[in-house]
Amino acid sequence: MKATITWLGHNAWSINTGGHKLLLDPFLNDSPTSPVKAGDVEADFILVSHGHADHVGDTVAIARRTGATVLANFEVGQWLASQGVAHEKIIGMNPGGGVRLPFGHAKFTIAHHSSSMPDGSYGGVPGGFLLALEGSQLYFACDTGLFLEMKQIGAVGLDLAVVPIGDLFTMGPEDSIEAVKLLNPKHVAPCHYNTWPPIAQDPIAWANQVRTLTPAHPVIPHPGESLNLGQG
Ligand code: NI
Ligand code: MN
């Protein structure tokens, strides 16, 4: 694994790969658990999974400041343009669609969730991201319930899957174990938990379940920590 993958709390991640800086769902300034503020991050690409405020987060400010290219569903992309993100810096996607970019290939995958913008306008359909980087395959499920097609997503041979475990708004711990069985990744990391009391979970208990019930290796960063994926 050549990429450096750092959890910024909730579903926010930074990925440095081959000199390219990616941010996923940069919900930073209003996040109770983010270790960084929006003004302190750099980005060449920003990936946005859906329109909810805890995912769009600080995308507009970061994109405007850095000139990053934003990948999002078509409607989220239109909304970002209405907020002042440059049209030519927006790549509008829809589920099943992929795009080749300097850092690798990004596919927008299905998710079972909703998607409305922070101002209540239509936010298209939610998704996750399957990333083929130099030497690694990463899948970020983002906000979703369990779905059987995860087996197909995992068929590429995932080095890392990131799954929500918070319950209530997304899969909870039990369904996330079923997701790991379908995805069959080498490593799995949890997200979308312990941001607020309604999605409080015990990641240590979850990791024990992963070890007991699946072949995957659980990795549990604290916000601000990079994943240690060993030599795998
Ligand atoms: Ni959401
Ligand atoms: Mn969310």
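How far apart are the manganese ion (ligand 2) and the nickel ion (ligand 1), and which aspartate coordinates both? In this predicted model, the two ions are 3.2 Å apart, and aspartate 143 coordinates both.

## How to read the model

Residues are numbered from 1 along each chain as written, while chains are lettered from A and ligands numbered from 1 in the order in which they are written. Local features need pLDDT of at least 70, side-chain atom pairs count only at pLDDT 80 or more, and totals for chains, interfaces and linings use all residues, with side-chain values using heavy atoms and leaving out hydrogens and water.

## The nickel site

The protein donors (N, O and S atoms within 2.8 Å of the metal, or 3.2 Å for Na, K and Ca) of the nickel ion (ligand 1) are His50 (NE2), His52 (ND1), His113 (NE2) and Asp143 (OD), at 2.2 to 2.4 Å. Along the chain, these donors follow the spacing H-x1-H-x60-H-x29-D. Histidine 52, in the loop between β4 (45–47) and α1 (53–56), and aspartate 143, in the loop between β10 (136–140) and α4 (150–154), are 91 residues apart; helices are DSSP runs of H or I with at least four residues, and strands are runs of E with at least two, numbered from the N terminus. Both histidine 52 and aspartate 143 are buried, meaning under 20% relative accessible area with a 1.4 Å probe and protein chains only.

## The manganese site

Asp54 (OD), His55 (NE2), Asp143 (OD) and His192 (NE2) coordinate the manganese ion (ligand 2) at 2.2 Å, and the donor residues are spaced D-H-x87-D-x48-H in sequence.

Technical notes:
Buried < 20%, exposed > 50% of the residue type's maximum accessible area, 1.4 Å probe, protein only.
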